[in-house]
Amino acid sequence: MLGTLGVQDVVLESDSKIIVDALIGTSEAPVAIDNIIGGIRAKLKDFRCVEISHVKWDGNRLAHLLAQYAKYLDSYQTWMVENPNMVESALTHDVLCLSSS
């Protein structure tokens, strides 16, 4: 789906060190999610540039907020020009957390 929008570079952040390490290949994925990690790695090959990093939970409020929001969506949704206020507020919080650490 991102490819159809012209997205060539992707940045993935997770507060799960286990998942980040499995995705970048520094450790084995737990058996319960090995197939999922393999599927994600296969999809990531479609992008020109991929950056994967581990972030602390308190600096990842935006991702948590979007994940909670997405649970209740029935279809694909994107914002191309303006972001909802909830996104701006959470992003500001995350940037402040990163700046203070």
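**Before going on**

The model is predicted, so local features need pLDDT of at least 70 and side-chain atom pairs count only at pLDDT 80 or more, while totals for chains, interfaces and linings use all residues. Residues are numbered from 1 along each chain as its sequence is written, and side-chain values use heavy atoms, with hydrogens and water left out.

**Whole chain**

Show the chain as a cartoon. It has four helices and two strands, in the order β-α-α-β-α-α along the sequence. Helices (H or I, at least four residues) and strands (E, at least two) are DSSP runs, numbered from the N terminus. Along the principal axes, the C-alpha atoms fill a box of roughly 40 × 35 × 30 Å. Among contacts with a separation of 6 or more, 67% join residues 24 or more positions apart. Of the 101 residues, 18% count as buried; buried means under 20% relative accessible area, exposed over 50%, and partly exposed in between (1.4 Å probe, protein chains only).

**Nonpolar core**

Next select Val 10, Val 20, Ala 22, Leu 23, Ala 29, Ile 37, Leu 44, Phe 47 and Ile 52, the nine residues of the largest nonpolar core. Such a core is a set of buried Ala, Val, Leu, Ile, Met, Phe, Trp, Tyr and Cys residues joined through side-chain atoms within 4.5 Å. Helices α1 and α2 are the elements that give two or more residues to this core, and α1 gives the most, with three. In soluble globular proteins, nonpolar side chains tend to be buried together.

**Salt bridges**

There are two salt bridges to find, each a side-chain nitrogen of Lys or Arg within 4 Å of a carboxyl oxygen of Asp or Glu. Side chains of opposite charge can pair when their charged atoms come close.

Start with Lys 17 and Asp 21, whose side chains meet at 3.0 Å, N to O. Both lie in helix α1 (residues 17-24), four residues apart, about one turn of the helix. Lys 17 is partly exposed, at 44% relative accessibility, whereas Asp 21 is buried, at 14%. Leaving aside neighbours within four places in sequence, Asp 21 is in contact with Thr 26 and Ser 27.

Then select Arg 48 and Asp 9, where the closest N and O atoms are 2.7 Å apart. This pair links distant parts of the chain: Arg 48 is in the loop between α2 (34-44) and β2 (49-54), and Asp 9 is in strand β1 (residues 9-14), 39 residues away. Arg 48 is exposed, with a relative accessible area of 61%, and Asp 9 is partly exposed, at 39%.

**Pockets**

Rolling a probe the size of a water molecule over the atoms shows where empty space is left. On a 1 Å grid over the protein atoms alone, using a 1.4 Å probe, a pocket is an open set of points with protein on both sides within 12 Å along at least five of seven lines, and lining residues have an atom within 4 Å of a point. Grid points are joined across faces, edges and corners, and a volume is the space filled by probe spheres set on the points.

For the largest pocket, of about 890 Å³, select Val 11, Leu 62, Ala 63, Leu 66 and Ala 67, which lie nearest its centre among 27 lining residues. β1, α3 (61-70) and α4 (85-100) are the elements that give two or more residues to the lining, and α3 gives the most, with seven. The lining has 16 nonpolar, eight polar and three charged residues. In these counts Ala, Val, Leu, Ile, Met, Phe, Trp, Tyr, Cys and Pro are nonpolar, Asp, Glu, Lys and Arg are charged, and the others, Gly among them, are polar.

The second largest pocket has a volume of about 200 Å³. Select Leu 12, Ile 19, Leu 23, Ile 40 and Leu 44, the closest to its centre of the 14 residues that line it. β1, α1, α2 and β2 each supply at least two lining residues, and the largest share, four, comes from β1. By class, the lining of this second pocket has ten nonpolar, two polar and two charged residues.

**Last stop**

Finish at Asp 94, in helix α4. Asp 94 is buried, at 6% relative accessibility. Its C-alpha atom is 6.2 Å from that of Arg 61, 33 residues apart along the chain.

Notes: Contact means heavy atoms within 4.5 Å.
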